[in-house]
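Here is a short report on a protein model. Look over the sequence and the structure first.

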Amino acid sequence: MKHSIKHKPSYAMVDIELAPGESIQAEAGVMVYMSEDIQVNSVLGGGFISALLRKVFGGESLFFNIFSARQAPVSVGFAPDLAGDIIQLDMSETPVVIQRGSYLCSETSVVLKTRFGGWKSIFSREGVFLLEAGGKGNLFLSAYGSIMEIDVLDEYILDSGHMVAFEKSLDFTVTKTGGWKSTVFSGEGLTMNFKGRGKLWIQTRVPRGFISWLIRLLPI
Amino acid sequence: MKIDIKFKPGYAMATISLKEGDKIRAESGAMVAKSANVDMITEKTSRGGVLKSLKAAFFGGESFWMNLFSVKNGKGEVMLAPTLPGDIIEEELNNNVLYVQSTGFLAADAAIDIDTKFQGLRGFFSGESLFFLKLSGQGKILLSSYGGIEKRNVNGTFIVDTGHIVAFDETLNYQVTKFGSWKSFLIGGEGLVARFTGHGNVWIQSRNVPVLGQWLRNSLPPKKG
């Protein structure tokens, strides 16, 4: 499987070339273009119950699409809904936990599971349902804005809206910033406190931050 | 007419240098700035009378009026930018025909004829407007995209999500069709796709305007009343 990420960083799109027999799984609705000789199959993501729960609570799609090459090499392009960058991760040992909206596509050798973020995470919309990617192969993540990789050595604190993904070697708890007063008035919302050693990927903008800004401007 | 495109690819803007006799027609509202000796005339989209212009305004999704820029004496320049963030590219028509999705049109040499082609119910069915302007004649044109833009040479068959199409050559046949099998079409979240066959170019943008609209509608509180 060959890939190239174009139009970085603001409006990135990934082009994937599949050799005969190769497949790639993608979030529903992200296909930009594809060769004619490609087989498409739509599957339920991460089991029925978790897919249903995600649909109900997370507003996410129930399904993934799997694109496969038959006899001839084919190409397919994927782009996320929002403006921003795409990164490629080479999965090998440590599984990666992904904020649901940041998953773009992955090789079918990458195994995806839905993970419940814990009851506390219900207050931070981003952390309720997370995807856990294990196995081997290419994984592509997208972000609103740019993506930055942080090496966490012991502890790190992140505004929950900026979370893209983290290595499973990290643990997190969801807390409010300071007292209730600062949660309400600081505009920082909830934070995710990461502990352990591992990589953390963050996005430089938050979709709901942009939406709240628009709401203040609109006559609604 | 010399065209210089700056600030690619996120927030591109085109500066058009005009000499006497040069005329460029741009989407209304696209002008950023111009030299004092550049004249601007506001005119109807197509030359075929009010009815044809109304058709362009209503079905083409483009403004009823376009602005025609020319220089009085000596040289002058006009700067043009589209509404959405994204790129601009320059192409040239040589008596060939190009279909441009209504939001992908920025400007064209005045020698280019602009007409509309109604795409019927298939566009309506997808909930995405699939209206194209038909550009023909000889001269330079400027296409704009939401996000990055790329030109793909099709030789055979190629499938593109309808919201990502900027333009395509008339030499290509196209058909709006469902994505994959019925199951994939209904649950795969891709909606309708365009299936291009033959030989020619198709211009693709890396983001999708209807998807942006959908995201905003889903995210913003419902309108009162």
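## A residue to start with

Leaving aside its neighbours within four places in sequence, which residues is A:Leu141 in contact with? They are A:Ile87, A:Leu89, A:Ile98, A:Ser102, A:Tyr103, A:Leu104, A:Val164, A:Ala165 and A:Trp201. Contact means that the C-beta atoms of two residues, placed from the backbone, lie within 7 Å.

## Basis

This is a predicted model: local features need pLDDT of at least 70, side-chain atom pairs count only at pLDDT 80 or more, and totals for chains, interfaces and linings use all residues. Residues are numbered from 1 along each chain as its sequence is written, and chains are lettered from A, ligands numbered from 1, in the order in which they are written.

## Chain A

Chain A has three helices and 19 strands. These are DSSP runs, numbered from the N terminus: helices are H or I with at least four residues, strands E with at least two. Of its 220 residues, 42% count as buried, with 20 or more other C-beta atoms within 10 Å of their own.

## Where the chains touch

Chain A gives 28 residues to the contact and chain B gives 31. On the chain A side, β4, β5, β6 and α3 each give two or more residues. The largest share, five residues, comes from β4(A).

β4(A) and β12(B) run antiparallel, joined by three bridges. Strands pair if DSSP finds at least two bridges between them. A:Met34 stands opposite B:Ile159 in β12(B).

Technical notes. Buried ≥ 20, exposed ≤ 12 C-beta atoms within 10 Å, placed from the backbone.
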